[in-house]
Amino acid sequence: MDRWDRVGRNAAYGAALALSPYLLIKVSWVVGSLAGVLPIGNGFGLAEWVALNTVTVAMGVIGIALALALVRPWGMRIPGAAVAFCSWVGSGFLVSVLPFALISALLKVGGDSQGGGGDDPAMPVWEGVLVEFSFVGMGLGLALAVPAYLRRRWPDAFIGRVGDGPRTVPRWAAVVGAVIGLVWLYWAAGGSLGIAHPAQRSTDWYVLAAVWGFWALAGSAGIWMVAGTRPAGLPRWFPLALGWVGSGSLFAWSAWKLPLMLVALSDPADVTPPESLTVAVVLHLCAVVAGAAMMRTLVRTRIRVAESPTPCELAVRFEG
């Protein structure tokens, strides 16, 4: 076991431990609201509140199971597609927003908009701190544990350099992802086109838009390099990492936001996000499709790299 493998294994255990407080808090919200001893979030009925938090409880369970799968021997026996998908979505949710957590701390703004803890207007300070700790701890853990696991399971995808394998697939997904990223960065810079309720924009909203825009552009750049085999000579792991986190961010966050926007579109009185609901629905739908297509490019790249003969294999074939 090399040093990076040890770091990844320790990070996986740390991620599982860090996410445990979030899971316990969410379970207490479901039980407490059903028992009538805890309040429900603004704009929610009891059934909606329980359903939403039951989903996040399930996400917490999956997250802890994923972290353990990245380090325990049984994780290597689970179908690779299942582990890779959960790792990709988890990285897209939490690794991508680590810059948001840092910037929020520096600006001393609340981090509730990360998606899960901010729905309760009466959340005690200690609960908010534990939720933030869970998100940041899980994100940091995945950032170290996922690459270590993937390298153990599919080492061929990370060795070599860009340009070693054949060109893969058309790069339309990278173009769509870049356009989406530019829209988010435009909003983060204060642009008003597509904004229906300017007064609803908060500091968190601006920072999140900037972070999402950055990862959309970074992921698109990574996919463009991997698919086009340019620039030749660049270590392959670098564009793969950008494509992995960037595409995961596009898919995971927009897949989470899209149903909420669709609900708001059907009943706009309850939710008033800053952006136009129609624009938001179209944007998140395109982000989900682009993120999934970018991940497909990464998978096909791994397969083609594995199938491509090395220089030594070519020499053996020639001599034979």
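Aromatic ring pairs number 13 in this structure, which is a predicted model. One of them joins Phe214 and Trp215, whose ring centres lie 5.1 Å apart. Ring pairs also link five residues, Phe93, Trp184, Trp212, Trp253 and Trp256, into a cluster.

**The Phe214–Trp215 pair**

- The ring planes of Phe214 and Trp215 meet at 70°, and the pair is therefore edge-to-face, a class that requires an angle over 60 degrees.
- Phe214 has a relative accessible area of 46% and is partly exposed.
- Trp215, by contrast, is buried, with a relative accessible area of 13%.

**The largest nonpolar core**

- This core comprises 70 residues.
- The residues with the most contacts inside the core are Leu70, Phe93, Met138, Leu142, Trp184, Trp244 and Leu250.
- Two or more residues each are supplied by helix 1 (3-35), helix 2 (46-69), helix 3 (80-95), helix 5 (125-153), helix 6 (172-188), helix 7 (203-228), helix 8 (237-266) and helix 9 (277-307).
- Helix 7 provides the largest share of the core, with eleven residues.
- Another core, of six residues, lies apart from this one and includes Met261, Leu277, Ala280 and Val281.

**Surroundings of Trp184**

- Trp184 belongs to the aromatic cluster and is also among the residues with the most contacts inside the largest core.
- Beyond its neighbours within four places in sequence, Trp184 is in contact with Ala209, Trp212, Gly213, Ala216, Leu250, Ser254, Leu283, His284 and Ala287.
- Of these partners, Trp212 is a member of the aromatic cluster, while Leu250 is listed with the residues that have the most contacts inside the largest core.

Note on methods
Residues are numbered from 1 along each chain as its sequence is written. This is a predicted model: local features need pLDDT of at least 70, side-chain atom pairs count only at pLDDT 80 or more; totals for chains, interfaces and linings use all residues. Side-chain values use heavy atoms; hydrogens and water are left out. A nonpolar core is a set of buried Ala, Val, Leu, Ile, Met, Phe, Trp, Tyr and Cys residues joined through side-chain atoms within 4.5 Å. Buried means under 20% relative accessible area, exposed over 50%, partly exposed in between (1.4 Å probe, protein chains only). Helices (H or I, at least four residues) and strands (E, at least two) are DSSP runs, numbered from the N terminus. Contact means heavy atoms within 4.5 Å. Rings of Phe, Tyr and Trp (its six-membered ring) pair if their centres lie within 6.5 Å; planes under 30 degrees apart count as stacked, over 60 as edge-to-face and the rest as tilted.
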